[in-house]
Amino acid sequence: MRAAIIGAGYSGTMAAVELARAGCREVILIEKSGRFATGAAYSTSSPGHLLNVRAAQMSAFADAPDHFARWAEQEGVGGPQDFVQRREFGRYLEGVLEGAPEVRRVTGEAIALENGAVRLDSGERVECDAVVLAGGNYPSRLPDMFGDEAVHDPWSAEGREKVARLALAGGDLLLVGTGLTMVDMCVSLEEAGFGGRIVATSRRGLVPRAHEERPAEVPEWVPPTRLAELVGAVRARKPWRAAIDGLRPHSHDLWRGLSDSEKKRFLRHLRPWWDVHRHRIAPGVAKRIEAMRADRRLEVVAGRVRSVEGDEVTIARRGGGELRRRFAGVINCTGPEGNILRVTDPLIRQLLESGQARAERLGLGLEVDEDSRVVGEGGSPELYAVGPLSKGSYWEIVAVPDIRGQVRDVARAIAY
């Protein structure tokens, strides 16, 4: 088999490495940015951007759970229970990819899948028998009322330059969103010497919780399969962090077992609470954010942006009242695009429009079967999706501990 992988962040890099390990005849890793292995998450240069998971859980390989922890200790960057710098994990992934010389790297943007090949924006055709879509998270965009001056994608090259300029210019900044991206932007701005104040806003004003300094033992339990019963069971268990972590082995089966109406209720009412409790941040980062709030350098506002007039923004506070203030800049911290039908990536658009792929029922990603094979009209090459693109079918498929098993299984399905 000749396999092409599109996207060279963690998902794509490890899909390529696992395919090489499985003996695939030819493996081609395609990345439009020319930045292989690190992706947006691990290409940061900030020492304050830490992994949200302890080193002991961050192995790139499903069959070698201590691989990263051993590497981190050998490199002197942390122990198994440490939250290592994300840039160090990026360096680790680069080494993993270097250890698979069979993988051929191609820089270019994939724009179509047709007649047994991936077509790039340069016109080049990459012939293949199977394709793995590993584009990761696609960027969202703020509403048009914010204009083009806002930083719509803070992880793009242009976005990073804008954030750096805002940090040096001073003046108050508005961050739209209060999740993990907000945390990263606050750390980046502080490290760049930003002297102004930050207002971060979201509908509920929820901020990611912190991991405990010492992890609690994760209980083994069989959670209820119906949503209402599951919520009650989790609330009743103590400590809550261990209860949430205890769901990880069951998350895929639980999600698949929910009805569409239960999934919609979860997304509408529970998702913000799930995100801040499930996707927690390193204790040191949490202390940094709390210090910024205590010093009033960061204000978190629960509410909705009502209007934008020039540099003046009005936020309707949740519960009543409003905040009206002038801002020197606005940064999008709402996270990745949550609707696959709004993704502007040319390959995703071509696959959907041609019928080779289709959105799953809730629009969270592409529809895939139990083997992560994309559901569509089919043809050649055979098509798979891994990582966040398969979120609609698996839900918890956005972090390394979840994705590594999926990419191994997909590689084996293709190679064998």
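**Charges, fold, burial and backbone**

Trainee: How many positive and negative side chains does the protein chain have, and how far apart do the centres of the two sets lie?

Mentor: There are 58 positive and 58 negative side chains in the protein chain, and the centres of the two sets lie 6 Å apart. Lys and Arg count as positive and Asp and Glu as negative, with His and the chain ends not counted; each charge is placed at NZ of Lys, CZ of Arg, CG of Asp or CD of Glu.

Trainee: Before we go on, what should I keep in mind about the model?

Mentor: This is a predicted model, in which local features need pLDDT of at least 70, side-chain atom pairs count only at pLDDT 80 or more, and totals for chains, interfaces and linings use all residues. Residues are numbered from 1 along each chain as its sequence is written, and side-chain values use heavy atoms, with hydrogens and water left out.

Trainee: What helices and strands does the protein chain have, and why is it called as compact as a globular protein of that length?

Mentor: The protein chain has 14 helices and 14 strands (DSSP runs, H or I of at least four residues for helices and E of at least two for strands, numbered from the N terminus). Its radius of gyration is 21 Å, close to the 22 Å given by the globule rule for 416 residues, so it is as compact as a globular protein of that length. The radius is taken over C-alpha atoms, and the rule is 2.2 Å times the number of residues to the power 0.38. Along its principal axes, the C-alpha trace spans about 60 × 50 × 50 Å.

Trainee: Why is A37 called buried, and why is R296 called exposed?

Mentor: Buried means under 20% relative accessible area and exposed over 50%, with partly exposed in between (1.4 Å probe, protein chains only). A37 has 0% relative accessibility, so it counts as buried. R296 has a relative accessible area of 70%, so it is exposed. Of the 416 residues in the protein chain, 52% count as buried.

Trainee: What makes the phi values of A37 and R296 worth a look?

Mentor: Most residues other than glycine have a negative phi, and most peptide bonds are trans. Phi of A37 is near 85 degrees, a positive value, and A37 lies in the loop between β2 (26–31) and α2 (39–42). Phi of R296 is positive too, near 65 degrees, and R296 sits in the loop between α11 (283–294) and β10 (298–309).

Trainee: Which residues does a cis peptide bond join, and what is its omega?

Mentor: The cis bond joins K238 and P239, with omega about -10 degrees. P239 is in the loop between α7 (227–236) and α8 (240–245).

Trainee: What makes a set of residues a nonpolar core, and which members of the largest one touch the most others?

Mentor: A nonpolar core is a set of buried Ala, Val, Leu, Ile, Met, Phe, Trp, Tyr and Cys residues joined through side-chain atoms within 4.5 Å. The largest has 74 residues, and F68, F89, V118 and L133 touch the most other members. Helix α1 (residues 10–21) gives the most to this core, with seven residues. A second, separate core of 29 residues includes L50, L173, M185 and F194.

Trainee: Why is L51 called buried, and which residues is it in contact with?

Mentor: The relative accessible area of L51 is 2%, below the cut-off, so L51 is buried. L51 is in the loop between α2 and α3 (67–75). Leaving aside neighbours within four places in sequence, its contacts (heavy atoms within 4.5 Å) include F68, F89 and A282.

Trainee: How do you know that P388 is buried, and where is it found?

Mentor: At 11% relative accessible area, P388 falls below the cut-off, so it is buried. P388 is in the loop between β14 (382–385) and α13 (391–394). The C-alpha atoms of P388 and N137 are separated by 6.1 Å, although the two are 251 residues apart along the chain. N137 is also among the residues that P388 touches.

Trainee: What makes V27 buried, and what makes Y138 buried?

Mentor: V27 has a relative accessible area of 1%, so it is buried, and its place is in strand β2. Y138 has 15%, also below the cut-off, so it is buried. Y138 is in the loop between β7 (130–133) and α5 (157–169), and the residues it touches include P336, V343 and L389.
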